[in-house]
Amino acid sequence: MQLDNTAAIVTGGASGLGAATAAALAGKGAAVFALDLAGAIENVADPSAGSGQGAITHVATDVTNGDDVRAAVARAAEAAPLRTVVNCAGVGPSMRILGKKGVHDLDAYARVIQINLIGSFNVLAVSSEAIAATEPDENGQRGVVINTASIAAYDGQVGQAAYASSKGGIVGLTLPAARDLAQYGIRVCTIAPGIVETPMLATVSQEFRDALAAGVPFPQRLARPEEYAKLALAIIDNDYLNGETIRMDGALRMSPR
């Protein structure tokens with residue numbers, strides 16, 4: 001699928017996986033709309049820089065808010081035919097089901113599900129409506145949605161009950177979403193990253209990061225956000241990739257803790 005003269009949406013676009021993906025899509029000529037919370041966008045060097053093809057426009061959006069998402073999708077669809085959506089927004093707190101402070105907080109569990117799973121579904125559903133309204137290409141294709149899971153969906157560790165549940169939901173959503181949207185020429189795939197060098201990891205010591213990297217079979221290092229972005233571009237380019245979750249983890253299988 002070609003990206004020139006089209007619009008793309010990336011959630012969590014102010015940093016990490018989202019920022020790298022937004023830059024990669026803009027580099028291919030798409031008009032990119034990077035959605036993120038207002039507080040996150042404030043940390044972007046120049047959030048208002050550029051517009052149109054090959055540029056990134058940052059839009060303050062809460063992915064769990066229906067009105068926010070509809071407004072952001074409408075803005076992207078007005079700029080050019082909306083063809084690409086990449087869901088990177090998410091949170092990853094840690095809490096045991098039964099810990100020293102008692103039972104896992106139910107509101108905390110619900111918040112992770114709300115942002116990671118329901119937020120991704122919200123963006124997928126609303127964006128699909130806009131993509132379905134575009135003219136198909138010569139192969140009947142209108143667009144592609146890429147969601148972000150995690151290897152925690154398969155190898156959830158101690159303290160990751162909420163996070164693994166949310167990412168397992170993303171994996172489970174992939175095939176039925178692809179089947180639901182096939183009639184509109186919309187593909188749906190998911191990337192399940194391993195341990196990625198993101199701003200979240202920048203808060204821990206180099207010693208701890210080295211220990212994490214040592215557990216990866218090969219290459220024995222942490223993944224880079226740009227590698228996620230490259231995989232997203234490969235999925236967009238390959239029209240026969242659909243309904244699949246792809247692990248990007250250096251063959252890592254997480255231990256219990």
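1. On a 1 Å grid over the protein atoms alone, a pocket is an open set of points with protein on both sides within 12 Å along at least five of seven lines, where a 1.4 Å probe fits. By that rule, the second largest pocket comes out at about 170 Å³, volume being the space filled by probe spheres set on the points. Among its 13 lining residues (an atom within 4 Å of a point), Met1, Gln2, Arg83, Asp137 and Glu138 sit closest to the centre.

2. Quick caveat: this is a predicted model, with local features needing pLDDT of at least 70 and side-chain atom pairs counted only at pLDDT 80 or more, while totals for chains, interfaces and linings use all residues. Residues are numbered from 1 along each chain, and side-chain values use heavy atoms, without hydrogens and water.

3. On to salt bridges (a side-chain nitrogen of Lys or Arg within 4 Å of a carboxyl oxygen of Asp or Glu): the whole structure has eight. One pairs Asp239 with Arg187 at 3.9 Å. That pair links distant parts of the chain, 52 residues apart: Asp239 is in the loop between helix H8 (225-237) and strand S9 (245-248), Arg187 in strand S8 (186-193). Helices (H or I, at least four residues) and strands (E, at least two) are DSSP runs.

4. Asp249 is worth a look, with bridges to Arg247 at 2.6 Å and to Arg253 at 3.2 Å. Shared partners join Asp155, Arg247, Asp249 and Arg253 into one network. Asp249 counts as buried because its relative accessibility is 12%, whereas Arg253 is exposed at 51% (buried is under 20%, exposed over 50%, using a 1.4 Å probe and protein chains only).
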